[in-house]
Amino acid sequence: MTKPEINHQLIAAHQGLYSSAAASLQPHYAKPEKWSVAQNLVHINISLERLNHYLMLPKSVIESRFGRSEKAAISYNEMADIIRAIYEKGVKTTTPFEPPQELKTPISVFIDQGHQLLETYTHHLKNWSEEELNQYHCPHPLLGTVSAREILYFTIYHVRHHQQTIENLNRDEVN
């Protein structure tokens, strides 16, 4: 995917997530061992905030901290296969990305925060060229070191995954 395609897909994935979250009748209800709609949304916001922090770093800092990639980035579909395999193993998020256990804040607040984070993401991505997306490493707690392009692929897939989770929760509310 090109940078404009990535940007479009990432924004569309988040918009779908926000729409699904807004449709929830009980956004704070959670089944045992599962996250609520609100918790899913907060988790995605935490992830997007972390991505923004990475994208805003000077390239020299990224290079000194994480290094440069010497290999070609894998495709979105290859990344999706890797992530699915991780999810199938039952691997869960790491502690820094976990939402709080108790959330009382209205879901609209988390959606508004998400929109602001998405706007910040769009601003920071403008400072990256197609080549730079392949050149710089980005750390990920489950994937290890990937390229900046690959972390964007992960983000698209990850948001879609949580949108599906929220849609499943919304269907459970009705049944």
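His140 counts as buried because its relative accessibility is 13%, where buried means under 20% relative accessible area, exposed over 50% and partly exposed in between (1.4 Å probe, protein chains only). The model is a predicted one, in which local features need pLDDT of at least 70 and side-chain atom pairs count only at pLDDT 80 or more, whereas totals for chains, interfaces and linings use all residues. Residues are numbered from 1 along each chain as its sequence is written, and side-chain values use heavy atoms, with hydrogens and water left out.

His140 lies in strand β1, and its side chain reaches the backbone nitrogen of Leu143 at 3.0 Å. Residues up to four places away in sequence being set aside, His140 touches Ile151 and Phe154, contact meaning heavy atoms within 4.5 Å. Strand β1 (residues 137-140) pairs in the antiparallel sense with strand β2 (residues 144-147) over 4 bridges, pairing requiring that DSSP finds at least two bridges between two strands. The two strands β1 and β2 form a hairpin with 3 residues between them, and Pro139 has Thr145 in β2 as its bridge partner.

With residues up to four places away in sequence not counted, the contacts of Tyr121 include Ile6, Leu10, Leu48 and Leu152.

Terms used. Polar contact = N/O pair within 3.5 Å; in protein donor to acceptor, adjacent residues only side chain to side chain.
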